[in-house]
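This briefing covers one protein chain, grouped by topic. Please look over the sequence and the model before reading the points below.

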Amino acid sequence: MEDLVAIARIAKPRGLRGECAADILTDFPERFGETSDVIANLPGGERLELKIEDARFQKGRINLKFAGIDDPDAADKLRGATICIPANEAVELEEGEFFDWELVGCGVETIGGDKIGTVSEVMRTGGTEILVVAGETKDYLIPFAESICTEVEIDKRLIRIDPPEGLLEF
């Protein structure tokens, strides 16, 4: 099964023509004008191949119209679906930039080799992203800053940190 990257999540049907209001899950929303073939992962585990006919931004969301989804009942069946593209179609990032899905699941250890835990989530706070790291007994909040996350080896699924005093003690 190919790796997929989520770009939107269907919130609800919208209008009478089968449109869906969706939450945007990509840092590159302009891709909706370039992408037409997508995969919908339905909440029950089923996958559907869909084609985007129209995409319009409205109030922080995107309204999507898919080919063959022509009424509110058909659109309602997509409620909660994650809209994805193949990972090989993801936008190329600059050196030192990473997708959230690449960071989640990475092990975290100090530069001295002490194991801290595994990244469970990337929180966006409007400033520096925060890695939520699930340790053995507690979660750690680690700023994803170059001064702290000194090495990121995605191919090895490892992030090495040089934590300032007190970061791991709360």
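**Largest pocket and overall layout**

The lining of the largest pocket takes at least two residues from each of β1 (4-14), α2 (100-103) and β11 (149-153). Helices (H or I, at least four residues) and strands (E, at least two) are DSSP runs, numbered from the N terminus. This is a predicted model, in which local features need pLDDT of at least 70 and side-chain atom pairs count only at pLDDT 80 or more, while totals for chains, interfaces and linings use all residues. Residues are numbered from 1 along each chain as its sequence is written, and side-chain values use heavy atoms, with hydrogens and water left out.

**Pocket details**

- The space in the largest pocket comes to about 780 Å³, a volume being the space filled by probe spheres set on grid points that are joined across faces, edges and corners.
- A pocket is defined on a 1 Å grid over the protein atoms alone, as an open set of points where a 1.4 Å probe fits, with protein on both sides within 12 Å along at least five of seven lines; lining residues have an atom within 4 Å of a point.
- The lining has 31 residues, and L93, F98, F99, D100 and R124 are the closest to the pocket centre.
- β1 gives the most to this lining, with 5 residues.
- By type, the lining divides into 18 nonpolar, 3 polar and 10 charged residues (Ala, Val, Leu, Ile, Met, Phe, Trp, Tyr, Cys and Pro count as nonpolar, Asp, Glu, Lys and Arg as charged, and the others, Gly among them, as polar).

**Chain**

- The chain has 2 helices and 12 strands, in the order β-β-β-β-β-α-β-α-β-β-β-β-β-β along the sequence.
- Its C-alpha atoms fill a box of roughly 60 × 30 × 30 Å along the principal axes.
- Of its 170 residues, 37% count as buried (under 20% relative accessible area, with exposed over 50% and partly exposed in between, using a 1.4 Å probe and protein chains only).
- Taking contacts (heavy atoms within 4.5 Å) between residues at least 6 apart in sequence, 52% join residues at least 24 apart.

**Nonpolar cores**

- A nonpolar core is a set of buried Ala, Val, Leu, Ile, Met, Phe, Trp, Tyr and Cys residues joined through side-chain atoms within 4.5 Å.
- The largest core has 24 residues, and I10, F32, V38, L64, F66, L78 and I83 have the most contacts inside it.
- Elements giving two or more residues to this core include β2 (19-24), β3 (37-41), β4 (47-58) and α1 (72-76), while β1 provides the largest share, 4 residues.
- Beyond its neighbours within four places in sequence, V38 is in contact with residues including I7, L48, F66 and I83.
- A second, separate core of 16 residues includes V108, Y140, I148 and L167.

**Cysteines**

- The structure holds 0 disulfides (pairs of cysteine sulfur atoms within 2.5 Å).
- C106 is buried at 0% relative accessibility, and C149 is buried at 6%.

**Single residues**

- K65 is found in strand β5 (residues 61-66) and is buried, with a relative accessible area of 3%.
- Not counting residues up to four places away in sequence, K65 touches R17, G18, E19, K51, I52, E53, D54 and D70.
- G15 lies in the loop between β1 and β2 and is partly exposed, at 45% relative accessibility.
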